[in-house]
There are 2 protein chains.
Amino acid sequence: MKCIDERSIGTWQQTADFVVAGFGMAGACAALSARERGGSVVVLERGSGVNGSATQAAGHFYLGGGTRPQLANGLNDSADEMYNYLHALTPEPEDQKIRLYCDDSVQHFNWLTEQGIPFNDGFYKRKHVEQPTDECLIWSGNEKVWPYSELAQPCPRGHKVAVEGSGGALAMQRLLEQALRVGVAIEFDSAVTALVKNEQGRVVGVCCRRFGEETSMQARKGVLLATGGYVMNKEMLKKYTPEALFEKFWPQGGANDDGSGIELGLCAGGEAIRMERFFATSPIYPPEQLLKAIVVNKYGQRFVNEDSYHARFARACLDQDDGIAYLLCDNAVFARPEFQMQELIDAWETVAEMEAGLSLPAGSLQNTLDKYNEDADRGHDSLMHKHPDWLQALREPPFGALQCSRGEATYTGFTLGGLKVSVNAEVLSPSGQVIGGLYAAGACASNIAQDSNGYSSGTCLGEASYFGRRAGHHAISAQAMS
Amino acid sequence: MKCIDERSIGTWQQTADFVVAGFGMAGACAALSARERGGSVVVLERGSGVNGSATQAAGHFYLGGGTRPQLANGLNDSADEMYNYLHALTPEPEDQKIRLYCDDSVQHFNWLTEQGIPFNDGFYKRKHVEQPTDECLIWSGNEKVWPYSELAQPCPRGHKVAVEGSGGALAMQRLLEQALRVGVAIEFDSAVTALVKNEQGRVVGVCCRRFGEETSMQARKGVLLATGGYVMNKEMLKKYTPEALFEKFWPQGGANDDGSGIELGLCAGGEAIRMERFFATSPIYPPEQLLKAIVVNKYGQRFVNEDSYHARFARACLDQDDGIAYLLCDNAVFARPEFQMQELIDAWETVAEMEAGLSLPAGSLQNTLDKYNEDADRGHDSLMHKHPDWLQALREPPFGALQCSRGEATYTGFTLGGLKVSVNAEVLSPSGQVIGGLYAAGACASNIAQDSNGYSSGTCLGEASYFGRRAGHHAISAQAMS
């Protein structure tokens with residue numbers, strides 16, 4: 001990865017207004033947006049087909065403020081409540097980005113449907129991770145989870161592509177069809193290897209390698225980096241996100257998620273931010289009944305509301321001393337997690353035996369259960385504020401423990417750090433200066449999705465598609481999308 | 001800060017074998033070590049006198065393996081046990097560095113005394129932060145704290161300069177006298193502004209500014225960056241260590257601890273590592289009796305053994321949800337912390353009132369106290385393994401709470417990230433290549449002191465002096481010190 005001088009190019013071999021590196025969610029929407037403004041667009045995609053992380057995603061888009069499916073279900077959402085929610089859950093909220101994302105959310109949903117992505121008006125009301133039905137609306141985050149339930153009016157904002165099971169691949173298929181329909185040129189097997197700057201320091205094109213052959217491509221109005229995250233790049237993980245390198249953590253994403261776009265952006269003078277952050281999860285649900293269990297650390301203490309969104313629950317487990325976390329059930333509550341990412345350690349006839357079996361401090365678990373059962377009987381979890389729906393005293397032997405510890409349970413996830421960008425997806429230098437002609441969107445940029453604790457399903461596809469659009473619009477029209 | 005080409009220098013204005021940026025602990029010991037090998041040495045110090053962070057330090061050196069004061073007190077320490085301890089407490093232990101540091105520790109203690117730093121054979125046995133007496137040996141870390149007490153044979157390894165109260169300034173005074181005695185040239189008010197590389201990419205000198213006048217200084221054998229950390233540089237903190245930017249966190253160090261050496265090293269192709277790490281503390285002791293109190297988080301749960309080294313205790317407080325931590329006393333145990341960094345919130349007649357007063361979940365504190373008092377009565381803290389010396393049931397009203405929360409209590413500290421270096425203090429590139437001619441030691445490099453949780457008093461002065469020596473030796477002799 002490098003950044004070279006235009007003078008070393010000689011004559012450009014190809015030319016377009018807007019050159020996009022990577023046909024994933026961000027790149028596809030950016031290309032479509034640039035075509036809407038009349039620009040010529042070439043997408044250089046390293047793979048031999050469409051196979052970025054979006055194709056493996058569940059197909060959730062985090063949108064709200066009164067979308068068609070929300071209205072069809074009589075749900076009363078607003079851009080302000082959506083803003084309150086995202087603001088409360090984002091560790092370093094970039095207010096203006098969240099504001100724009102929420103204000104434009106209904107319009108963005110409509111735009112996605114216009115591109116051909118199907119969403120029906122169904123509403124899947126239970127807790128799940130990759131919903132088995134084709135229903136659209138889902139509770140995809142911590143909306144009903146305390147304390148967020150008090151900080152913003154809860155409303156389901158996950159919009160799932162209308163297909164049974166995972167819908168990311170279908171969404172990408174529809175975007176590909178639309179891109180070809182409107183005249184986006186997509187060149188597969190084409191890896192961007194260098195950015196090219198002119199004398200004024202503006203990015204004016206790229207170098208690209210296709211089956212060993214090097215070509216140059218001029219970008220009259222802008223270059224977008226949309227190459228995804230870097231969870232497949234061990235060296236980058238070691239350097240930036242060492243915390244994600246633990247046993248049984250399975251990277252989730254496309255095979256080319258190796259951070260090439262981030263490295264290109266750095267070579268051009270950009271800055272990579274929040275690089276230590278990553279999404280990690282190990283869902284205990286479905287089935288929902290496991291939310292009635294309690295999770296404890298090595299001291300036998302509870303530490304999170306068990307009904308949290310699965311990645312919040314997982315992050316809390318990873319944060320415990322020595323990464324130790326056990327999900328404790330009694331006979332009434334016990335079930336096998338559908339994803340089979342946590343194994344049953346053992347079952348015991350008494351709490352004291354369970355304490356000993358898990359090497360918890362003697363008496364610590366009984367102490368925790370005394371308090372929890374008392375709270376459950378009264379229907380109020382005074383310690384962690386788990387929703388009363390999941391409160392049920394754990395008294396029926398045998399007692400079982402599911403292994404949720406770091407290195408023991410299976411976790412999966414992806415990186416969340418990336419290039420610092422403006423609201424228009426312009427890449428910024430460490431001092432905050434725009435690097436002219438260079439944009440980044442999707443998982444190689446850092447916007448709203450910042451950590452596992454605050455994540456809601458659909459934020460990545462949502463922001464990739466939205467800020468991708470803004471990039472394409474800004475590059476061609478030289479003004480912000482509005 | 002920049003790195004420039006030797007050809008732009010013309011004729012060098014001054015020349016020495018070894019040029020040192022910064023007369024702090026690392027720079028002073030490096031200069032002395034280089035003189036021992038016969039090299040000519042110039043130290044360029046930005047301040048008008050000796051005023052780096054060491055002058056403000058308590059004057060502890062973490063040393064062991066059978067030093068003179070350890071032997072005089074009949075203590076049985078070994079390099080292996082010291083290694084076990086440091087290895088267990090270092091998050092990313094660099095084995096070879098720790099090994100060398102421990103194996104050479106007795107010899108290094110002797111060397112420090114030969115430079116004129118006074119250490120007597122006294123032993124201050126109580127728990128303190130800046131010991132009021134001139135006694136040498138102190139318990140300066142987590143040696144007796146579980147689980148470390150089981151991982152390495154506990155032995156006191158803090159060696160304090162023989163002066164009542166803080167001893168860092170006296171140590172630096174002695175090193176200055178020695179440096180002048182052996183012919184080290186020290187130029188004050190001289191800030192290094194650039195490193196100079198030759199065509200082969202080797203660092204061959206520096207540019208330096210003295211009262212607005214620019215000069216160049218050739219370094220025939222090497223340049224050492226020994227300019228300290230960056231806790232005084234808000235911009236760098238924002239970028240690298242945002243977690244340290246909270247209310248009532250007071251930077252501890254010299255006024256020139258602005259990271260200039262780290263930035264110089266980066267310009268020359270070095271890599272800065274562990275930059276998110278910092279030391280933070282808010283000591284509750286002295287008086288020791290406060291170790292008999294318990295600390296709880298917002299759920300009313302204990303989370304750390306209260307007899308931990310003060311920075312481990314502090315780090316654990318900062319890590320709790322919302323940074324909330326209260327130290328709870330009963331009437332028998334209550335005292336005011338001598339450093340006055342935590343205020344008394346209030347006192348209450350009953351545990352239930354204290355719960356309500358601190359907005360803890362109803363019943364949570366009583367639940368925690370039931371377990372703690374039962375354990376204390378039996379003399380075994382089954383939950384956190386606080387030493388039996390500090391176990392005493394808390395039952396005597398009134399009950400009081402001291403505020404330890406992030407943003408509420410006063411914390412102080414310094415940065416721990418810095419340039420990646422070899423065992424000989426050579427600055428390394430991101431790919432691990434030595435940048436010829438360039439060294440870094442002290443707080444602008446990253447070696448053994450890596451985080452607050454694993455820190456022991458004396459690690460910074462200890463490693464700064466030791467790896468500084470190695471740098472001076474290696475630069476002049478082109479081989480490792482042995």
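1. A word on terms to start: the domain bounds used here come from an automatic or database domain assignment. Keep in mind, too, that this is a predicted model. With those bounds, the C-alpha centres of domain 1 and domain 2 of chain A sit 36 Å apart. Domain 1 of chain A is written in two pieces, 1-282 + 412-482, while domain 2 covers 289-409.

2. Where the two domains of chain A touch, domain 1 puts in 17 residues and domain 2 puts in 18 residues. On the domain 1 side of that contact you'll find seven nonpolar, seven polar and three charged residues.

3. On confidence, chain A has a mean pLDDT of 96, with 100% of its residues at 70 or more. For the complex, the predictor reports an ipTM of 0.73 and a pTM of 0.85.

4. Now the cores. The largest nonpolar core counts 151 residues, and B:Val20, B:Leu327 and B:Tyr439 are among those with the most contacts inside it. Take B:Tyr439: beyond its neighbours within four places in sequence, its contacts include B:Gly222, B:Leu224, B:Glu426 and B:Ala475. Another core, of 150 residues, lies apart from that one and includes A:Ala16, A:Val42, A:Leu394 and A:Ala440.

5. Chain A also has an open sheet of four strands, ordered E4-E7-E6-E5, with mixed pairing. Strands E4 (60-62) and E5 (123-124) of chain A each have a single partner strand, so one side of each has no neighbour in the sheet.

6. Last, a closer look at E5 of chain A: this strand pairs with E6 (residues 137-138) in the parallel sense, over two bridges. Opposite A:Phe123 you'll see A:Leu137, in E6 of chain A.

Terms used
Residues are numbered from 1 along each chain as its sequence is written. Chains are lettered from A and ligands numbered from 1 in the order in which they are written. This is a predicted model: local features need pLDDT of at least 70, side-chain atom pairs count only at pLDDT 80 or more; totals for chains, interfaces and linings use all residues. Two residues are in contact if their C-beta atoms, placed from the backbone, lie within 7 Å. Ala, Val, Leu, Ile, Met, Phe, Trp, Tyr, Cys and Pro count as nonpolar, Asp, Glu, Lys and Arg as charged, and the others, Gly among them, as polar. pLDDT is the predictor's confidence in each residue, from 0 to 100. A nonpolar core is a set of buried Ala, Val, Leu, Ile, Met, Phe, Trp, Tyr and Cys residues joined through C-beta atoms within 7 Å. A residue is buried if 20 or more other C-beta atoms lie within 10 Å of its own, exposed if 12 or fewer, and partly exposed in between; C-beta atoms are placed from the backbone. Two strands pair if DSSP finds at least two bridges between them.
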